[in-house]
Amino acid sequence: MRTSQLIAACMLLLAAHGLCDTPVESPAGRDSATEWDFGGHGKFRYLYTGIPGDSVLQAVNGDRLQDQTMEFRLKAAARRGRLDFKAHGQFITVHSDALGGFGDFAGIVYPGADIINDDRRWFNLTHELHNEDKNATLLRLDRISVGFTGEKTVIRFGRQALSWGNGLLFTPMDILNPFDPASVDKEYKSGDDMLYGQYLFNNGNDLQATAVVRRNLVTGNVERDQSSFAAKFHGFRGSVEYDLLLAQHYGETVAGVGMSADIGGAVWRGDLVWNDTGQGGVYSGVAGASYSWVAGGHNWTGFLEYYYNGFGQAGGDYSPAALVGNPELLQRLARGELFNLGRHYLGVSATLEVTPLFNLSPNVFINLTDPSALAQVVLSYDWKQDLQVLSALNIPLGPNGSEYGGVETDQPDLFLSTGATFFVQLAWYF
């Protein structure tokens with residue numbers, strides 16, 4: 001079946017069942033019933049980015065870039081006994097002043113400069129209806145999987161998402177399609193085509209394993225050194241939870257250890273990850289603590305994280321010549337595994353529950369070497385029962401030549417920099 005036919009069939013299936021959220025049982029009775037669930041959301045996003053006068057991005061669209069995105073996600077799930085099926089179809093239409101203008105590093109240079117595709121994924125489940133100039137429209141399946149759940153085992157095959165690690169902002173152990181630390185909407189990460197399994201031990205420990213199959217971007221062929229094979233053991237020792245990771249990721253061996261523990265009323269977390277790059281071992285890690293309290297009659301949550309990016313540039317030199325000399329960093333930036341150029345970072349975040357429906361979250365991402373920083377304020381408001389407003393203001397801080405202030409380019413006195421950005425999203429759930 002062609003991708004477009006597969007997506008259309010999924011959409012028709014959802015429409016035929018009226019997008020209801022109530023499980024539907026077959027007339028054969030409860031024991032042999034197939035239970036269905038349907039739902040989804042619609043999201044409209046707007047992003048405004050100011051462009052400084054000494055930025056190379058002035059050549060794209062002057063002193064500002066604007067993006068509008070409309071996304072509908074339709075979800076279907078079915079369960080019959082120990083078997084289950086899940087499918088999420090997406091309709092996405094984008095207008096971006098910078099669409100398609102930055103090549104492999106579009107997602108790092110500017111969030112609106114590229115649209116999602118399945119070039120690396122095993123199955124091409126994305127169909128572009130239109131992609132020209134500043135506009136793109138596409139249909140895709142972001143989730144489609146079949147699974148079996150036993151008393152101690154779970155096996156699932158298809159497009160799905162998996163998150164590992166203990167970091168809250170920085171996630172070096174989450175090697176499979178992680179979020180950008182500064183992302184505002186983290187409701188769904190993009191799915192990957194994988195075989196996933198989990199085994200639960202009697203004492204509560206569990207072992208997870210996955211094989212993520214990918215294609216070579218140049219040849220289009222499925223290749224072992226483009227895929228990932230990983231296993232993670234999650235265990236308990238007293239009040240401490242720990243993780244042990246072993247993986248073969250893009251042809252390289254990855255090993256990691258992580259932990260979390262409640263000490264003194266705070267939750268302490270950390271991960272240490274080692275990559276064998278063939279040129280020697282590279283360590284990355286994150287460590288931090290989170291704490292909740294009540295002040296002024298309001299609930300507060302805050303956390304602090306230190307992040308060491310072993311693949312980052314030492315000394316804060318982000319010139320084109322220096323970056324070319326660090327291919328391991330560039331490869332991971334292009335694959336969407338890393339989002340930071342430097343080595344030492346501090347992340348600070350707090351959430352104030354102004355009301356049960358309104359949260360305010362100031363965040364700061366600090367490059368300790370430059371120094372430079374990204375200051376962020378996020379507002380989340382549950383406007384109605386099925387409507388949510390999410391907005392954020394991002395302000396980069398730092399001198400020219402720094403990561404957040406604007407890195408050097410090969411053009412004299414011009415930098416790869418942006419000014420303040422404003423993001424707002426209205427989400428409707430059904």
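Where is the place of asparagine 177? In this predicted model, asparagine 177 sits in the loop between strand S6 (153-160) and strand S7 (192-200). Its phi is positive, about 60°, although asparagine 177 is not a glycine. Asparagine 177 has a relative accessible area of 24%, so it is partly exposed. Tyrosine 250 also has a positive phi, near 50°, and is a residue other than glycine. Tyrosine 250 belongs to the loop between strand S10 (240-249) and strand S11 (252-263). The relative accessibility of tyrosine 250 is 12%, under the 20% limit, and tyrosine 250 therefore counts as buried.

A further backbone feature occurs at proline 371. A cis peptide bond joins aspartate 370 to proline 371, with omega at about -5°. Proline 371 lies in the loop between S16 and S17. Why do these backbone values deserve mention? They do because most residues other than glycine have a negative phi, and most peptide bonds are trans.

The overall picture comes next. The chain contains five helices and 21 strands. Of its 430 residues, 43% are buried. Among contacts with a separation of 6 or more, 53% link residues 24 or more positions apart. The mean pLDDT of the chain is 90. A pLDDT of 70 or more is reached by 90% of the residues. Residues 1-31 have a pLDDT below 50. This stretch still has 50 contacts in the model beyond near neighbours in sequence. Where pLDDT is low, the predicted coordinates should not be read in detail.

The structure holds one cavity of 30 Å³ or more. About 260 Å³ of space lies inside the largest cavity. Its lining consists of 22 residues, and the closest to the centre are Thr171, Pro172, Tyr307, Glu337 and Leu338. By class, this lining comprises 13 nonpolar, six polar and three charged residues.

The second largest pocket has a volume of about 400 Å³. It is lined by 18 residues, with Ser183, Val184, Ser361, Asn363 and Val378 the closest to its centre. Which strands each supply at least two residues of this lining? They are strand S15 (344-355), strand S16 (358-367) and strand S17 (372-384). S17 gives the most, with four residues. The lining of the second largest pocket divides into eight nonpolar, eight polar and two charged residues.

Individual residues show how separate parts of the chain meet. Asparagine 275 is placed in strand S12 (residues 266-276). Its relative accessibility is 7%, so asparagine 275 counts as buried. Leaving out residues up to four places away in sequence, asparagine 275 touches Glu252, Thr253, Val254, Gly280, Gly281, Val282, Phe311 and Arg332.

Glutamate 328 lies in helix H5 (residues 327-334). Glutamate 328 has a relative accessibility of 16% and therefore counts as buried. Beyond its neighbours within four places in sequence, glutamate 328 is in contact with Glu252, Thr277 and Phe311. Two of these partners, Glu252 and Phe311, are also touched by asparagine 275. The side chain of glutamate 328 makes a polar contact of 2.7 Å with the side chain of arginine 332. Arg332 is in turn among the residues that asparagine 275 touches. Glutamate 328 and glycine 312 are 16 residues apart along the chain, and their C-alpha atoms are separated by 9.1 Å.

Threonine 409 provides another example. It is found in the loop between strand S19 (407-408) and strand S20 (415-416). What makes threonine 409 count as buried? Its relative accessibility is 19%, and buried means under 20%, so threonine 409 falls within that class. The side chain of threonine 409 reaches two backbone atoms. One is the nitrogen of glutamine 411, at 3.2 Å. The other is the oxygen of leucine 414, at 2.8 Å. Apart from neighbours within four places in sequence, threonine 409 is in contact with Val56, Pro320, Leu414, Phe415 and Leu416. Serine 55 lies 354 residues away from threonine 409 along the chain, yet the C-alpha atoms of the two are separated by 9.3 Å.

Terms used:
Residues numbered from 1 in each chain as written. Predicted model: local features only at pLDDT ≥ 70, side-chain atom pairs only at ≥ 80, totals over all residues. Heavy atoms only, no water. 1 Å grid on protein atoms, 1.4 Å probe; cavity = no way out; pocket = protein on both sides within 12 Å on 5 of 7 lines; lining within 4 Å. Points joined across faces, edges and corners; volume = space filled by probe spheres on them. Nonpolar A, V, L, I, M, F, W, Y, C, P; charged D, E, K, R; others polar. Buried < 20%, exposed > 50% of the residue type's maximum accessible area, 1.4 Å probe, protein only. Contact = heavy atoms within 4.5 Å. pLDDT = per-residue confidence, 0-100. Polar contact = N/O pair within 3.5 Å; in protein donor to acceptor, adjacent residues only side chain to side chain.
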